[in-house]
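Morning, everyone. Please look at the screen while I walk through one model.

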Amino acid sequence: MEFPATLFPSYFGAGPPREEGGPAPFAGWGEHGQVLQGVPGRRQVQPLFVPRRGATGELWEAADAAAVPVLLPSAGRWIPSPAPQDILYHSGLCRKLRPGKSGATLDFARQLGHFFVDHPEDAFGSLGRLLHKNFYLGNAKLKRPARNSTIRMTALVEDIDRLEARRGCPRQHLASRLRWFSHLCRDWLFEVPLGLLADCLHEELAQQWSDLLFDDSLTAGALAWLPSEDGGTPVGRLVHPGGQAMNHLYFQDVVLEELPQARGSPAQFELSGRIRQVAAARVDGQDFVGVRSDYHCGVWRVPGKTGAAPAPLQVIRTDVPASCLTVSPHLPGELSVCTQSGTVYLWSVETGLQQLRHDPQTMFFRDHSPWRWSDFTAHPRVLSCADRTGLQCLDARAPKRCHFDLFKVGEEAGCQQGERVVLPMYLGKAHPSQYLVTTQFSMYVLDERLPLVPVLKWAHMMKAPPLFAHLMPGKPGRSHKVLLGASRTQELLLLQYRVLGVSSGGSQSACQLAGTPQKLHNIAGCLQHLPTQLPHRQHLLQQRLAAPAAGLAATLQEDGPHKSMLIFQLSEAGDVFCQRLTHKAAEPPAPPLRDEEPCASPQPSPAVPSPAAALRYRQWLRALSRACREPPRHTRPPSLSQRRLFTRRDLEGPAGPSSLQRQMRQRLRQTMQEGGRIQRWEPLALQPPPLPQTLEPAEGPDPLSTRLTAAWAGDWEQWWEERTSFSVAQRQRALRERRRRQKRAKGRRSLSASFTSSLTYQSELSELSDMGPSLLSPSHPPVLSQEGSTPAGSPPVRSPPTSPAPDEALLSSQSLRCRGIPKERRKTLRDYLSVWAEGPPEPPEPLGSQASQLCIPSSQSQLSSASQPRRKRPRMGF
Amino acid sequence: SSNEHKLNFKKSKEACLSYIQDALLQKQWKRSAEFLTCYVESLEKDYSREHIGPSEMIWRIGTEILWHHSQSNVKEFSCFMEQMKTLGVKRYLKVCLEHVFRLLCNGHIDEAYQNLSLAESWRFGEQTAIQDKEMKLIQAYRGLLDYCSWSKQKNILLEHGEDGFSDLAVEREMHSYFRKAAVNLKEIIKIPGVWDVFVKCYVDLLEFYGDHNEARQVLNEYAYNSKFPANPNAHVYLYQFLERQGESKKSLISALKILHDIVPSHELMIDFNTMLQKSKKRKKRRLGLEVIFAALDYAGWKENAKAWSCLARQMKQIVISEKHLDWIKQEWNSRKDWWPGFHFSRYLAKRNWQENKSLSYEKALVAGILLGKDCKYFKYVSHQGCKAQLKRFRMLKKFVTRHNPVYLRISG
């Protein structure tokens, strides 16, 4: 690309910005900036002048009244991020007392109070229990003997309420009683050291508040559009995050009809963190998609053909949160990564990471923000690095020596005081050496061949800093379109700029802004077109639609003479909305002719959504209300989901009831229908036994009957004693047997195998000493036998498969150890889980040789914890 | 309460502004004009100390509306501008400048000139730094317009001169334009900045009157003064001046060398390369190879057939003579890990073949020399070329196969 033969005139100064800062709400209007003398044509005597801003651009009109949802809302309730009123202290009095900018006061005390109320056990569990008798919560006066050792809390609570009412009053004095109480208990009442807790909470609150003001982790946005390679059908792929924690990555095929329509189910990946950024670039006909979460970055390759599955290539983990991930438009599988510690890496899938720079300080002047950014330039080996103060380019081959300043917040670019870089973006698709830099006040286009001097500058007047930008390159002679998007306010602005001035007789001219900026629909704007809801639903809907934007993508679609633009916007709630702009060819993209003012205002966008859009709104609403329907509360007993503790694979049990269980069930049902009874739980003689031999103690009735009989007779305790001694003896036998076998096998086993087995043995012993005798009591958690080992005597119907009781296999020390749970926590976890398993009395132990097989895990089977049969718990006597 | 809102002037002002902004961003010019007429009231109580006061806002909004409004015309626009000039004293020069720009863009050169002269004579209190800058710009633009008149007169004179007739009055007028233009243009180009237009005009004036030393000094200053930004055009103008002056190859090369150092991807690098290739000195030919390699590093040059043919020609020469293979080797060393993916992938071979056969020929030659005959790019292109029975490609295949050992020496 040739360098413009003449540039627009501008002053060049050095040093810090001189112009006073501040938001300038109208600074972008009514200015040509500069003019440039075009080259006079052959016939023309007078040269034409071209303005830097104010040239006519293309006319794009919104096709619909508001943005339309592209995808149906995903299941699961969206949890909105905290609002200012959750964090800030609100009081009229307080506001008057603290005028000025720093009016925000964090409501620290309320948050701490919430913690004490919500987690009393954690806050003062043990002391609360100890002092329980010494606190009196009633209204009555305390009698003499009790008064010596009891405090009446009601008065204290009244004092606190009174204090709350007077909050913010400059003359507030603590009630002496409260002071006395806090003086007395502050040091010992709390389980967690109060100072430490307060520090952490305050830090977190301050963090939340600064995120609310400006959350830069979302920079560049988490939405990407991958157009399809085969140009025939207008298809593409939308890459977006989803799920309640926004940690699922979706690749959704979308057909671009009148309204974009999802096709098929998306390719889905579950990631281990909230997705902050999705970046994509096309190299050699393949798309490379980079995904950034706080501590992980990953890269996927998506073949250009439609329907080809995305393939994950590599993942890296960072110690410090990553703040940037960009994909190289030049070389396949190259990315650049920045972390908040000020490190910039060039990441190649083939060769790994190369550190280019490490500097915790900002580049041009001191700024507190740890945000860093990096992108590619026209030279595949030169990367740009940015922080809030400016941009530098450095050569990856010699990053220390070869670098130059591309942009500085200073007089060079005519910046204002307090201006900071928000988002830099390489505009390579439009022009190989151009760069976009946005700040909270302006947008700049830079040419890396003329560093520091912006070739274009325009005050964008957006209310929130533009965190997202998207470039749609125009064909030669036509304008390039840039979309700027803000997060909190969901603003979307369409700008056009031209690099080649066709106006001046085909010669090269500098960069100029074309047309006026245009505001586009945002997600929140569609609320008025949705059917009215019940008030509380309407409120929720409004809240959801007004969620901060989290990404921006767009595509140009040319269908013969009809050109249209599709713009996708992602919200933090995971909704993807889209709008179409159509090109009006009425206005020729020619320079303004004399006296002929550019044409009048375009038609306003339609006032009501099209029928198709209205239908889409209704579908979306229906899906939303279905997804957000609250689960019925207080109807089910509290249950603990094991899925939160273990992954699905850990919990993978038998696919369904075993054939034996089925049989039993059938038999039970049949018997119930007949009104008969089952005397023995033996499988029917007709059916072939699925197991080698189900066990049945030869002598006497089954243990349950014995036990019930004993309980009826009143000497149940004696029965228990006998039984434990019996099982202890049985266990002793089993362990001895195992040791013998081990000894025998020693010669044959490899060293590592024997090591494993001895380890197991030790841990079993230590576990026994951990557990103590309490587990032997009759209230011992139920023993759920795994598939295939159901003892004939134990009725499987009693323990339904959906029982909340934890799978015992999970509790064995081997499996806990396998999952990396430290020894000291194993018992806690076991106790914790056992609480949830109430219940059915202990089924009888399997006896005989099978029992010994069950309780001694062979060294081969211990590794696969899922298929491992339960190891028996009570093992006294060892 | 509504009562409070009625009284709160500031609040309703803000609301009004937000309506205007909304209308402007949606290109509803009429609506925004109606709101603006309401906003004008705010001038009565302008105690604001904000960055942009109401008078400036009215000027900006009004201008924008008048640019686009279907019923506006230049006369009305000028009338509005005159009012705006008196409204904000501090912004007088800025408004004048913008008014002039508008007139220039619409081709009202004479009116613009009048406005510039008027603005130049404006005085009000002590000038601020910004006003000083604006005044300099006003003078410079007046100089530019004087230059335009001068060049018009010059053309008339030259046409007449061909007829063997000279008009003294026209000549005198032309000289007076020269003087006026030269004074103003000379002033602005002393101040650090990007003054491409003004420098070009000033140098043209000086050259016409034969003041080559002054012109050279101006161009040198513009190119080499460290207070000025590193503007590639400054070096281009200097180079073009030297070329016009018929300077020696050596000084031309040194001018381009500096341009190469600051912008290796400048389009003049092809000229530079051809100039260096023709040189008899080894060092210069070596520099030529460096220059063309460096240019092809950039994404903008990827499909530049001319550059590839320059590189292919020079490499072919080196391979045939088998001298200086180490030059290629050194250049290749820092590129061998990324050029294959950047230039010589199979995907690019396919695309280049489809879009530009001669480009793919040149690239295949370079790829064949650098990466050997088994390289994907070369294999694909030579195969396609032989299939299409193009003689050129058959020769290419032969050449690369014959010189395959060179590849081993380069990569080794």
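**A salt bridge to start**

A:Asp253 and A:Arg237 form a salt bridge, and their closest N and O atoms are 2.9 Å apart. The term means a side-chain nitrogen of Lys or Arg within 4 Å of a carboxyl oxygen of Asp or Glu. A:Asp253 sits in strand E11 (residues 248–256) of chain A and A:Arg237 in strand E10 (residues 235–242) of chain A, so the pair ties together parts 16 residues apart in sequence. Over all chains, the rule gives 35 salt bridges.

A word on the source. This is a predicted model: local features need pLDDT of at least 70, side-chain atom pairs count only at pLDDT 80 or more, and totals for chains, interfaces and linings use all residues. Residues are numbered from 1 along each chain as its sequence is written, chains are lettered from A and ligands numbered from 1 in the order in which they are written, and side-chain values use heavy atoms, without hydrogens and water.

Helices (H or I, at least four residues) and strands (E, at least two) are DSSP runs, numbered from the N terminus.

Now the domains. Their bounds come from an automatic or database domain assignment. Chain A has domain 1 (60–80 + 470–585 + 606–627) and domain 2 (107–162 + 177–213). Taken over C-alpha atoms, the centres of these chain A domains are 50 Å apart. Chain B splits into domain 1 (126–229) and domain 2 (311–411). What separates their centres in chain B? Over C-alpha atoms, 51 Å.
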